[in-house]
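Please read the following briefing alongside the sequence and the model.

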Amino acid sequence: MKTVIVYYSLSNNTKAAAELLSEKLHADLIELKEEKVGNVFQAFFRKKSTLLGSPWDAVEDADRLYLMFPIWASKSVPAMNAFVRDPKADFQKKEVYIITFQASPDFKNSVKVHDYIGNFVRKSGGIVKETYAMQGGNMNVFIGDEKIRERMDKVRWDEL
């Protein structure tokens with residue numbers, strides 16, 4: 001089973017988590033890169049950014065996908081919006097895990113974000129297996145590898 005982690009990270013919190021998970025699962029890593037970095041206003045209005053490259057080509061033969069991204073203004077980031085809403089988005093028969101990071105420790109609104117992204121996955125034939133909300137740092141603040149590792153270690157990734 002081929003596993004791919006698709007992630008977006010502005011302050012490196014999600015990147016650090018994606019790299020840890022990639023090691024545990026022996027998964028390929030695909031970083032979403034934008035032509036112009038998205039912002040909180042775009043996130044709030046659920047806009048999408050223009051992605052560089054062809055991330056869909058890199059996940060075409062994956063059986064399992066992990067979508068990892070921060071939550072901004074209680075919404076998904078423009079890069080992930082672009083990825084899941086792309087006309088090439090084909091989640092057909094892929095198992096998908098949605099993992100988000102946010103500053104707020106109460107995780108309010110994470111369910112709405114997971115549902116929003118999950119709806120695009122399901123519309124394209126994918127199966128959302130699990131969703132996880134984790135505390136990251138404030139926007140543009142890297143909380144450090146140790147804190148990310150501590151938070152990622154709370155989940156038994158090898159049992160998924």
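Is Lys24 buried, exposed or partly exposed? Lys24 counts as partly exposed, because its relative accessibility is 43%, where buried means under 20% relative accessible area, exposed over 50%, and partly exposed in between (1.4 Å probe, protein chains only). This is a predicted model, in which local features need pLDDT of at least 70 and side-chain atom pairs count only at pLDDT 80 or more, while totals for chains, interfaces and linings use all residues. Residues are numbered from 1 along each chain as its sequence is written, and side-chain values use heavy atoms, with hydrogens and water left out.

**Salt bridges**

- The structure holds 5 salt bridges, each being a side-chain nitrogen of Lys or Arg within 4 Å of a carboxyl oxygen of Asp or Glu.
- Lys24 and Asp153 meet through their side chains in a salt bridge of 3.4 Å, N to O, and this pair links distant parts of the chain, with Lys24 in helix H1 and Asp153 in the segment after H6, 129 residues apart.
- Asp153 is partly exposed, at a relative accessible area of 45%.
- Lys2 forms a salt bridge with Asp28, with 3.5 Å between the closest N and O atoms; Lys2 lies in the segment before S1 and Asp28 in strand S2 (residues 28–31), so the pair ties together parts that are 26 residues apart in sequence.
- Lys2, Asp28 and Asp61 are linked in a network of salt bridges.
- Arg64 and Glu95 also meet in a salt bridge (3.2 Å, N to O), which links strand S3 (residues 64–72) with strand S5 (residues 95–102) across 31 residues.
- Arg64 counts as buried at 15% relative accessibility, and Glu95 counts as buried at 18%.

**Helix packing**

- The axes of H1 and helix H6 (residues 145–152), which are lines fitted to C-alpha atoms over the stretch in contact, with angles running from 0 to 180 degrees between N-to-C directions, come within 9 Å and cross at roughly 55°.
- H1 and H6 are therefore oblique to each other, a term for angles that are not under 35 degrees (roughly parallel), over 145 (roughly antiparallel) or 65 to 115 (roughly perpendicular).

- Ile117, placed in helix H5 (residues 110–123), is buried, with a relative accessible area of 0%.
- Ile117 and Phe83 are 9.9 Å apart in space, C-alpha to C-alpha, and 34 residues apart in sequence.
- Leu10 is found in the loop between strand S1 (3–7) and helix H1 (13–25), and counts as partly exposed at 33% relative accessibility.

Definitions and conventions:
Helix = DSSP H or I, 4+ residues; strand = E, 2+ residues; numbered from the N terminus.
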